[in-house]
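Here's a quick tour of what holds the inside of this protein together.

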Amino acid sequence: MTAQHVQQLDNNLQILTFVLDKEWFGTEIQHIQEVLEYRRVTPVPRTPSYMLGVINLRGKVVPVIDLRDYFGLTITTPTVNSCIIIVDIMIEGEEAFIGLLADSVQEVLELTADQIQSPPSLGARIKTKFIKGIIKQNEDMIILLHLANVFSGDDLAELKEISNTQTHN
């Protein structure tokens, strides 16, 4: 699945939804490069616990993050439904690819901006700076992640350094 041909149209947003620890999350599809079946990740020594390691994606070294660990959720072993969502984000003005381990990918939703509610100020399982909004979908609540805010500047710098180091070795 690629997102290169999908654009934000007028007031409509397309959101890729995925599951972590039985909770639904989503991110705007414009940040998604592709979704991969789970594959072996090469560990990188002396990295934080949420940093699973790196994968080779068509000659590029891509760091893979366990979002369960990063968000403080229960960590589990990947299953047949687990996948790696490749996102592109800006790190110090440069485009970088990061893999996000998810329990499963659900669907792409097309929404209007008025279907996204402001994040709650209290009671969220993750810090509200990570949350762009909340989407009600049938009986489910989907936490719309603000990818630019998910990782701190130090986290992003470390991910960039890991990618650069692995690329040049």
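This is a predicted model: local features need pLDDT of at least 70, side-chain atom pairs count only at pLDDT 80 or more; totals for chains, interfaces and linings use all residues.

**Aromatic pairs**

- The count of aromatic pairs comes to 4.
- Phenylalanine 25 and phenylalanine 71 have ring centres 5.9 Å apart and planes at 25°, so this pair is stacked.
- Phenylalanine 25 sits in strand 2 (residues 23–28) and phenylalanine 71 in the loop between helix 1 and strand 6, so their pairing ties together parts that are 46 residues apart in sequence.
- Both phenylalanine 25 and phenylalanine 71 are buried.
- For tyrosine 50 and tyrosine 70, the centres are 4.7 Å apart and the planes at 85°, so that pair is edge-to-face.
- The tyrosines also link distant parts of the chain: tyrosine 50 is in the loop between strand 3 (32–37) and strand 4, while tyrosine 70 is in helix 1, 20 residues apart.
- Tyrosine 50 counts as buried because its relative accessibility is 11%, and tyrosine 70 is buried too, with a relative accessible area of 18%.

**Nonpolar cores**

- The largest nonpolar core has 29 residues, and the members touching the most others are Phe18, Leu20, Ile65, Phe71, Ile85, Val87 and Leu100.
- Elements that each supply at least two residues of this core include strand 1 (12–20), helix 1 (67–70), strand 7 (94–102) and helix 2 (147–150).
- Strand 6 gives the largest share of this core, 4 residues.
- Isoleucine 85 touches, among others, Leu16, Phe18, Ile32, Val35, Ile98, Leu100 and Val105, leaving out residues up to four places away in sequence.
- There's also a second, separate core of 10 residues, with Leu13, Leu109, Ile116 and Ile135 among them.

**A buried aspartate**

- Which element holds aspartate 88? It's in strand 6.
- Aspartate 88 is buried yet has no salt bridge; lysine 60, the nearest side chain of opposite charge, is 8.9 Å away.
- What aspartate 88 does have is a polar contact of 3.0 Å between its side chain and that of glutamine 33.
- Setting aside neighbours within four places in sequence, aspartate 88 is in contact with Gln30, His31, Gln33, Glu95, Ala96 and Phe97.

Technical notes
Residues are numbered from 1 along each chain as its sequence is written. Side-chain values use heavy atoms; hydrogens and water are left out. A nonpolar core is a set of buried Ala, Val, Leu, Ile, Met, Phe, Trp, Tyr and Cys residues joined through side-chain atoms within 4.5 Å. Buried means under 20% relative accessible area, exposed over 50%, partly exposed in between (1.4 Å probe, protein chains only). Contact means heavy atoms within 4.5 Å. Rings of Phe, Tyr and Trp (its six-membered ring) pair if their centres lie within 6.5 Å; planes under 30 degrees apart count as stacked, over 60 as edge-to-face and the rest as tilted. Lys and Arg count as positive and Asp and Glu as negative; His and the chain ends are not counted. A salt bridge is a side-chain nitrogen of Lys or Arg within 4 Å of a carboxyl oxygen of Asp or Glu. A polar contact is a pair of N or O atoms within 3.5 Å; within protein, one must be able to donate a hydrogen and the other to accept it, and residues adjacent in sequence count only if both atoms are side-chain atoms.
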